Amino acid sequence: MMGFISQISKRLRARALFRLADTARDERRWDAAADFYAQGLLITPDAFAAWVQCGHARKEAGDLVAAEASYRQAMRLRQEDADLHVQIGHLFSLRGQSGAAAEHYRRAAELGSRDVHALQYADARTRRQASAPLTSAADGFARADELRDRGDFESAALFYEDGLAIDPRSFPHWVQLGHMRKESGDPEAAERAYVQAFKLQQDDADLLIQMGHLYKSIGERAKAGDCYARAILLGSHDMHALRFLAESEARFALYREMLDRFEGVDLRVVSKRRSGSFAMQVVQMVS
């Protein structure tokens, strides 16, 4: 009898921990959420959904190794779950392991997933594998450009990745890869590509504008503001960035004033003493 009561008590404690984890997840406190899920899973290691959520939280917190470990635990409990294969595909895509990502996306599609990224990626991967081998990085980039111009953004991204595997210091093609991933609806992969481009060339105003657009589109307004501000300080006259800064919080009051006097103003001289701090913010943001 006491053993039965003890089991009930443990299950109730696990449920309480999972509720705390769900709350932390909804508040985007990823580390706390993952820790609560992990504590609950020590009590109920057969909780498939909690392993998946723990993997999501670890991924959002930036710990991709721990995220994979959680997803693998979930996979041991339920190997034929289409959504789980999709999530593992996303994880491998984020890590740049396109071959492994394709395998999970393809399996998800076979199991009936209608996830747009999985279907697009699997189809694009199949088309790429059927094409002639690349002769050089330039060959990959040329094929990618052609596919981009035809609107096949997923296939274009794969060829940009192939070319960059040969020539990883090609700044403009990291930027193009970011565009393709963004157009394909994969903001995480787009950010990864833009960050690689930023590491190669940190004072490119157009890149910072694109990063600002990306962060704005996914609700990361603070990061968007940092990118836009740095771009303006580098000489960009992008009106979307100026409007965003003018409409933002009080810390951008200077930019609201400058917007009213935009004509003829060299914005590179605006608040020169702050340019270094903005640069450091961007570096820290993507490091």
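Reader: Which residues of H13 are buried?

Author: This is a predicted model. In it, the buried residues of H13 are Ala 224, Gly 225, Asp 226, Cys 227, Tyr 228, Ala 229, Arg 230, Ala 231, Ile 232 and Leu 233.

Reader: How many of the 13 residues is that?

Author: Ten of the 13 are buried, so H13 is largely enclosed by the rest of the structure.

Reader: What span does H13 have, and what is expected?

Author: H13 covers residues 221-233 and reaches 18 Å from its first C-alpha to its last. At 1.5 Å a residue, 18 Å is expected. Just after H13, Gly 235 has a positive phi of about 110°.

Reader: Back to Tyr 228. What is it in contact with?

Author: Setting aside neighbours within four places in sequence, Tyr 228 is in contact with Ile 209, Gly 212, His 213, Lys 216, Ala 241, Phe 244 and Leu 245.

Reader: And the largest nonpolar core, which members touch the most others?

Author: Tyr 228 is one of them, along with Tyr 160, Leu 177, Leu 207 and Met 211. That core has 37 residues.

Reader: Which helices each supply at least two residues of it?

Author: Helix H8 (137-149), helix H9 (153-166), helix H10 (171-183), H11, helix H12 (205-217), H13 and helix H14 (239-247). H12 gives the most, with seven residues.

Reader: What other core lies apart from it?

Author: One of 29 residues, among them Trp 30, Val 52, Met 75 and Tyr 105.

Reader: H11 next. Which of its residues are buried?

Author: Ala 189, Ala 190, Ala 193, Tyr 194, Val 195, Ala 197 and Phe 198 are buried in H11. The helix has 14 residues, 187-200, and its end C-alpha atoms are 20 Å apart, which agrees with the 20 Å it should span at 1.5 Å a residue.

Reader: New topic: Leu 84. Where is it found, and is it buried or exposed?

Author: Leu 84 is in helix H5 (residues 82-94). Its relative accessible area is 1%, so it counts as buried.

Reader: What is Leu 84 in contact with?

Author: Beyond its neighbours within four places in sequence, Leu 84 is in contact with Phe 48, Val 52, Tyr 71, Ala 74, Met 75 and Arg 78. Val 52 is 32 residues away along the chain, and the C-alpha atoms of the pair are separated by 7.3 Å.

Reader: What about His 104, where is that?

Author: His 104 is in helix H6 (residues 98-110). With a relative accessible area of 12%, His 104 is buried.

Reader: Which side chain does it join in a polar contact?

Author: That of His 85, at 3.1 Å. Not counting residues up to four places away in sequence, His 104 touches Arg 72, Met 75, His 85, Ile 88, Gly 89 and Phe 92.

Reader: And Arg 28, what is its phi?

Author: Positive, about 65°, although Arg 28 is not a glycine. Arg 28 lies in the loop between helix H1 (2-26) and helix H2 (30-43). At 52% relative accessibility it counts as exposed, because the cut-off is over 50%.

Reader: Last, the whole chain. How many helices and strands?

Author: There are 16 helices and zero strands. Of the 287 residues, 46% are buried. The chain exposes about 14700 Å², with carbon and sulfur atoms supplying 51% of that area.

Reader: What share of the contacts with a separation of 6 or more comes from residues 24 or more positions apart?

Author: Such residues account for 48% of them.

Definitions and conventions. Residues are numbered from 1 along each chain as its sequence is written. This is a predicted model: local features need pLDDT of at least 70, side-chain atom pairs count only at pLDDT 80 or more; totals for chains, interfaces and linings use all residues. Side-chain values use heavy atoms; hydrogens and water are left out. Helices (H or I, at least four residues) and strands (E, at least two) are DSSP runs, numbered from the N terminus. Buried means under 20% relative accessible area, exposed over 50%, partly exposed in between (1.4 Å probe, protein chains only). A polar contact is a pair of N or O atoms within 3.5 Å; within protein, one must be able to donate a hydrogen and the other to accept it, and residues adjacent in sequence count only if both atoms are side-chain atoms. Contact means heavy atoms within 4.5 Å. The expected span of a helix is 1.5 Å times one less than its number of residues. Accessible areas come from the Shrake-Rupley method with a 1.4 Å probe; for residues, only the protein chains shown count as cover. A nonpolar core is a set of buried Ala, Val, Leu, Ile, Met, Phe, Trp, Tyr and Cys residues joined through side-chain atoms within 4.5 Å.
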